[in-house]
Structures are given as C-alpha cells and as structure tokens.
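Trainee: Before we start, could you take me through how to read the features of this model?

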Amino acid sequence: MKLLWIKCLLAVVLSAVTCLSFAEKFAGLADTPAMGWNSWNTFDCDVDESMIRDMADAMVDTGMKDAGYTYINIDDCWHGERDAKGNIQVNKERFPSGMKALADYVHSKGLKLGIYSDAGNTTCAGYPGSRGHEYQDAKTYAAWGIDYLKYDWCDTENINPIGAYTTMRDALKAAGRPILYSICEWGDNQPWEWAQDIGHSWRATGDIYPCWDCAYGWGSWSSLGVLKILDIRKDLRLRQYAGPGHWNDYDMMEVGNGMSEAEDRSHFSLWAMLNSPLIAGNDLRSMSEATRKILTNKDIVALNQDPAGVEAMRYIDAGDLNVFLKPLANGEWAFLFLNRGDDTLEYTHDWQFNLVKDDLTGRSIDFNHETFAWRDLWQGGKGDTNRNLELAIPPHDVVVLRLTPIK
Ligand code: GLA
C-alpha cells in the first residue's frame with residue numbers, strides 16, 4: 001500500500017515537471033541562423049506539391065544543400081478548410097498527396113519542411129489562422145512531420161502578442177516534435193525585447209521588396225528595399241538582443257529576383273553579417289549561375305553560421321560608405337565595406353588609425369599592436385593590416401574581408 005502511494009506521488013511530481021517544461025521553447029534548433037528557401041517572394045499564393053518537390057530537388061542539385069540550406073518552407077495559401085472537428089486540412093487540389101507525403105519526400109532528400117500559419121483568425125491572404133486552434137494545429141503539424149513554423153500576425157485584432165506567440169510555443173512543445181518557431185509580427189511590438197525565450201527568430205521589419213532603396217506602397221503599408229530594411233531599426237541597436245537560438249530576422253532574401261548582381265551580392269553579404277536567417281526567395285529551378293554563385297558562397301555563409309553568433313555592428317556610417325564589423329570565433333573578424341551610392345566609391349582604409357572597440361562583446365583591436373591577414377571573400381585577394389587598404393567599390397556593391405590574427 002505504502003509503495004503504491006509513493007508511486008502515485010512520483011507520477012504527480014513527474015507530470016508537473018513535464019508541464020513545467022512546456023514553458024520553454026525547443027532548444028538547439030537554431031544555434032546558428034536557419035538556412036533554407038521560402039515560397040512567398042516568388043510564388044505568392046501559387047503553391048502546390050509538385051513545385052515544392054521540384055524545389056527540394058533543386059536545393060540538392062544546385063549545391064544549395066551542400067552550402068548549408070536545409071528548410072523548404074511553404075508560406076501562405078497551402079490551407080484548405082477546417083474539418084467538422086476543427087482540424088486544419090490542406091488544399092486538396094494543390095496538395096493531393098497530403099502534407100505528410102510531401103514531408104516524407106522532403107525528408108528523403110535530407111531536407112526539412114516548413115509551413116506557415118497566423119496568430120489571428122485568418123492568415124494575411126485570408127486562409128484559416130490558428131487563433132483558438134493552437135494546440136490542435138501544432139499537433140497536426142507534428143503528425144505531418146513539419147520542422148519549421150512561420151507564424152504571422154494578420155487579423156489579430158487587439159490580442160496580446162506575447163500571449164499569442166507564447167501559446168503557440170507551448171502548443172508546439174506539447175505536440176512534442178522539434179519545430180523551429182519563426183515569429184513574424186514585423187517588429188510592430190518590439191519582439192526583440194520579449195521573444196528570446198519564445199521563438200528562434202523574430203521578423204524585425206515589414207516585408208522586403210526586390211529593390212535597392214525603394215519603398216513599394218500597398219495602401220496602408222509598404223514593402224521595403226534592401227537599404228530601407230538595413231536602416232529602419234538602425235537606432236535600436238538590435239544586435240544586442242540576438243544570439244544563438246534567437247535571431248533578428250531581416251526577412252526572406254530577394255537574391256535572384258530582379259536586382260543587379262552587385263545589389264544581390266551586397267544584400268546577401270549584409271544578411272549574412274547581420275545573422276539573419278538565410279532564407280532564399282527565388283526560383284531555385286531556373287536561377288542564373290551568377291545567382292547560384294552568390295547564394296552558395298561558402299565563405300559568406302560561414303560568417304552567418306559562425307559559432308560565436310554575434311550580429312555585426314555598423315562601425316562607419318558616412319554617407320555612401322558604410323562599414324560593418326562582425327567579431328567571429330577564435331579571434332577572427334569580418335569587415336564589410338558597402339557602397340550605398342550610384343558612383344564608384346574610392347576609399348582608403350587606414351587600419352592603424354581606425355581602432356576597433358565592440359562594447360557588446362568587449363572585444364577590440366588596436367592594429368598598431370596586432371596584425372591580421374585578410375582575405376577578400378568575393379574577389380579572392382589577400383593582404384594584411386600593416387598596409388592601408390585601397391578600395392574602389394562599384395555602385396551598390398560590397399567588399400567583404402575575413403581577418404585572421406597573425407601570431
Ligand atoms: C505577411 C508576411 C509575409 C508573407 C505574407 C503571406 O505579409 O510578412 O512574409 O508571409 O504575409 O500572406
């Protein structure tokens with residue numbers, strides 16, 4: 001009898017511990033920023049299973065998988081109706097084999113499958129949202145074999161963002177399948193201040209648009225070009241909030257979607273330096289060799305995936321010239337020189353004169369006492385910091401250097 005009581009007591013304690021563990025997100029899913037592909041920027045609502053399968057094939061065949069891209073993410077518009085019990089179903093015309101079969105296919109390629117929902121009543125394109133169905137939907141996604149959830153913020157009326165995003169986090173945890181949780185409320189409610197323990201990344205800005213410095217108006221809101229996204233939160237110093245497992249998300253990339261090669265190169269390099277998730281948004285099946293080379297530049301990817309997980313800081317902000325610095329693991333650094341302007345920028349960088357001090361990490365460089373070897377990660381040149389760096393950066397282009405201390 002006594003033994004039975006002890007067993008019962010143990011069972012109660014254990015279930016309490018399990019419940020408590022719901023109050024955490026899945027650990028270890030985003031120690032470095034997520035890398036993958038998403039349908040929205042190119043396909044909008046035009047998603048179906050054969051295109052998604054093609055994209056998984058292309059991810060492997062183009063060398064994207066080898067470069068580190070893992071997630072194939074279906075954005076808005078995959079949804080059908082809810083059934084009589086409230087379970088969400090796929091659009092059966094677009095996904096006749098069902099989501100589980102699609103996940104199995106994507107997994108068979110060594111990749112992972114992502115899906116999209118919304119904290120409100122409907123998604124941004126008007127499909128059923130997860131409000132009031134969070135636990136049910138999370139269970140469905142887990143049963144389908146989903147690995148990534150992007151969770152949007154349309155049609156949320158006045159609900160509390162912290163509560164809404166926490167509810168889905170707990171629902172995912174309760175469903176038991178490790179699902180990377182990508183918060184998408186556009187930075188409207190300062191997620192960097194509260195989302196660290198809720199999601200693995202949070203959108204820091206509104207939607208991106210494939211242009212260098214434009215804003216494209218949709219009536220009540222605008223999509224933003226690369227420079228606009230780069231600048232819109234500049235004064236908030238968002239880098240202090242990001243780190244392994246919780247990243248600022250500067251939106252899915254527009255590389256290969258109509259900007260010039262220089263602009264694509266800059267966009268990709270900046271997103272890598274900022275530790276944004278690297279989610280391609282172009283048609284991988286038909287991308288040009290130039291686009292493929294940009295997206296698969298392993299040296300640039302390595303900056304994004306650096307284990308120290310420190311977002312770059314804007315070190316020089318002088319008109320057309322912006323210089324970003326990123327402290328890397330093992331005493332290394334990355335320097336990015338950006339020409340925002342429309343003319344070639346001639347610039348001489350005097351290393352000894354420009355001392356480096358990063359208050360966030362406490363790391364600094366005095367080039368008068370330390371020498372670094374540098375390697376140009378796009379052009380392949382080499383040099384060291386004993387000599388001034390003479391640059392002529394073409395319009396809208398970048399020079400990205402990796403600095404390694406010379407012992
Ligand atoms: C919002 C998001 C976009 C995309 C669309 C889908 O605008 O910010 O990234 O997911 O919704 O409708």
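Mentor: α7 is followed by G176, a residue with a positive phi, near 90 degrees. The model is predicted, so to speak of a local feature requires pLDDT of at least 70, side-chain atom pairs count only at pLDDT 80 or more, and totals for chains, interfaces and linings use all residues. Residues are numbered from 1 along each chain as its sequence is written, and side-chain values use heavy atoms, with hydrogens and water left out.

Trainee: What is the span of α7, and what span is expected?

Mentor: Helices (H or I, at least four residues) and strands (E, at least two) are DSSP runs, numbered from the N terminus. The expected span of a helix is 1.5 Å times one less than its number of residues. Helix α7 covers residues 161-175, 15 residues in total, and its first and last C-alpha atoms are 21 Å apart, close to the expected 21 Å.

Trainee: What is found at the start of α7?

Mentor: A polar contact is a pair of N or O atoms within 3.5 Å; within protein, one must be able to donate a hydrogen and the other to accept it, and residues adjacent in sequence count only if both atoms are side-chain atoms. Here a side-chain oxygen of N160 comes to within 2.8 Å of the backbone nitrogen of I162.

Trainee: Which residues of α7 are buried?

Mentor: Buried means under 20% relative accessible area, with exposed over 50% and partly exposed in between (1.4 Å probe, protein chains only). The buried residues of α7 are P161, A164, Y165, T166, M168, R169, D170, A171, L172 and K173.

Trainee: How many cavities of 30 Å³ or more are there?

Mentor: On a 1 Å grid over the protein atoms alone, a cavity is a set of points where a 1.4 Å probe fits but cannot get out, a pocket is an open set with protein on both sides within 12 Å along at least five of seven lines, and lining residues have an atom within 4 Å of a point. Grid points are joined across faces, edges and corners, and a volume is the space filled by probe spheres set on the points. The count is two cavities of 30 Å³ or more. R169 and L172, both buried residues of α7, are among the residues that line the second largest cavity.

Trainee: Which residues are closest to the ligand?

Mentor: A residue is near a molecule if one of its heavy atoms lies within 4 Å of it. Of the 13 residues that surround the ligand, the closest are D75, D76, K150, D152 and D207. A ligand oxygen lies 2.8 Å from a side-chain N or O atom of D76, and one lies 2.8 Å from such an atom of K150. For D207 the distance is 2.5 Å. K150 also lines the largest cavity.

Trainee: What is the volume of the largest pocket, and what lines it?

Mentor: The largest pocket holds about 650 Å³ of space. It is lined by 32 residues, of which W40, D207, W218, W221 and S223 are closest to its centre. Its lining has 15 nonpolar, six polar and 11 charged residues, where Ala, Val, Leu, Ile, Met, Phe, Trp, Tyr, Cys and Pro count as nonpolar, Asp, Glu, Lys and Arg as charged, and the others, Gly among them, as polar.
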